[in-house]
Amino acid sequence: MRRQFDSPIVILGSRLLSPYIMVFGWYVIFHGHYSPGGGFQGGALLAASILLIRVAGGRRISRLQIQEFATTPLAVIGVVIYFATGLVSMAMGGYFLDYEMLPIPGLDPAWLRYYGILIIEIGIGLAVMAILIMIYDNMVRGEDYA
Amino acid sequence: MLDFFTGHYAYWFTIILLCVGLYGILFKKNLIKKTIGLAILQISVVLYFVSIASKWDATVPVLDPNIPVDQVANYLNPLPHTLMLTAIVVGVATLGVAFTLLIAIYNRYNTLDEQELIEKIQ
Amino acid sequence: MILFAGVLIYAANDLPYRGDPDNLMHVEKSVTNTQVKGNYFVQNAYRDARTPNMVTVVLGDYRSIDTFGEQVVIYTAGLITLLVLRRTRKIRRALK
């Protein structure tokens, strides 16, 4: 962004719109078992709610939200949640990503699969959100330091 | 004849979209326009896969307790939907990589035109 | 290009009708008398994972290793943007 100027209407509108998009993103992730939705779509919506503030407010306001250095650890956390689920189920005696072996007591194998899918979808959502923000940040920065 | 048309028009539209994207990749000189052509081609493949997953008189692949699951003619085929769901996200990521490379090229050579770029590289 | 489009449209005329339930993709048994995968998913998704959304079950359970590879791919794409653009900046500073 070479040139930046403040417009209160744009910032106010995006501030009004952004929390609702974020709530809808979490709804899409957690309600993905019963309606169309899931990790990828919810992650894209979360990234949209954060990128809206970044596009509207510029670098100074976006520093108050998720900072630029925080996106890479978030993506790593998302990937590690997925991979650790597979590793835990493999350490408990099943195959890789076999959710029947997850160590949650008192549940049928079918319900264990239900919660396993929920856990990995949260991981997918975090990773997709962090990576979309990371691509945007790096593109803006690469253009600035031309 | 009308059956033939309603059964095939989706294929024709995706083929036209694929040819638009391929034209953008092959004949445009600007690298940004080539990337846009790549995105259009990818979207055409996604639309083709979604269109072949449809069935007449079937509902979406979310289980409804009123509709029995034993007859597979009641539900759409969920496999192409899943494949394309992942393909869309990978498409976004690869587009990000493509634009990153374009930004790097522009920072170094100050142009995105193909001919000028070849002359400057040599 | 128009010729290519014509060839493709001529080839598409032999494809089966869109949405016909008797397509090879949609019937229960395939030509070699094995079970077609999509219909296995439709019939057994709720019994296996108690999740009504079949797309989620296929994405997260049956094809979960595929999805894991997917996530690694997008993570690699993010890292590529990080590495390429940071490195450009460092080279610029070194040149100055």
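Reader: Where does A:Phe40 lie?
Author: A:Phe40 sits in helix H2 of chain A; a helix here is a DSSP run of H or I with at least four residues, a strand is a run of E with at least two, and both are numbered from the N terminus. A word on the ground rules: this is a predicted model, local features need pLDDT of at least 70, side-chain atom pairs count only at pLDDT 80 or more, and totals for chains, interfaces and linings use all residues. Residues are numbered from 1 along each chain as its sequence is written, while chains are lettered from A and ligands numbered from 1 in the order in which they are written.

Reader: What makes A:Phe40 buried?
Author: A:Phe40 has 27 other C-beta atoms within 10 Å. The cut-off for buried is 20 or more other C-beta atoms within 10 Å of the residue's own, with exposed at 12 or fewer, partly exposed in between, and C-beta atoms placed from the backbone. So A:Phe40 counts as buried.

Reader: Which residues is A:Phe40 in contact with, leaving aside its neighbours within four places in sequence?
Author: A:Ile124 and A:Val128 from chain A, plus B:Leu85 and B:Val89 from chain B. Contact means that the two C-beta atoms, placed from the backbone, lie within 7 Å. As for A:Arg54, 14 residues along the chain from A:Phe40, the two C-alpha atoms are separated by 21 Å.

Reader: Why are H1(A) and H2(A) called roughly antiparallel?
Author: The axes of H1(A), residues 8-30, and H2(A), residues 39-62, cross at roughly 165° and come within 8 Å. Each axis is a line fitted to C-alpha atoms, for helices over the stretch in contact, and the angle between N-to-C directions runs from 0 to 180 degrees. Over 145 degrees counts as roughly antiparallel, under 35 as roughly parallel, 65 to 115 as roughly perpendicular, and the rest as oblique. At roughly 165°, this pair is therefore roughly antiparallel. The crossing is left-handed too: the near helix is turned anticlockwise from the far one by less than a right angle, where clockwise would be right-handed.

Reader: How many residues of each class make up the contact of H1(A) with H2(A)?
Author: Among the residues that meet are A:Leu17, A:Ile21 and A:Trp26 in H1(A), and A:Leu45, A:Leu52 and A:Ile53 in H2(A). The contact divides into 15 nonpolar, eight polar and no charged residues. Nonpolar covers Ala, Val, Leu, Ile, Met, Phe, Trp, Tyr, Cys and Pro, charged covers Asp, Glu, Lys and Arg, and the others, Gly among them, are polar.

Reader: How do you know how H1(B) and H2(B) run relative to each other?
Author: From the angle again: the axes of H1(B), residues 2-27, and H2(B) come within 7 Å and cross at roughly 160°. H1(B) and H2(B) are therefore roughly antiparallel, and their crossing is left-handed. B:Leu17, B:Leu18 and B:Tyr23 are among the H1(B) residues here, meeting H2(B) residues including B:Lys33, B:Lys34 and B:Leu41.

Reader: Which helix of chain C gives the largest share of the side that touches chain B?
Author: The contact takes 40 residues from chain C and 41 from chain B. H4(C) gives the largest share of the chain C side, 10 residues. With chain A, 25 residues of chain C are in contact with 31 of chain A. There too H4(C) has the largest share, 15 residues.

Reader: How confident is the predictor in chain C?
Author: Its mean pLDDT, the predictor's confidence in each residue from 0 to 100, is 80, and 90% of its residues reach 70 or more. Confidence is lowest in H2(C), at a mean of 79, and highest in H1(C), at 87. For the complex, the predictor gives an ipTM of 0.83 and a pTM of 0.85.
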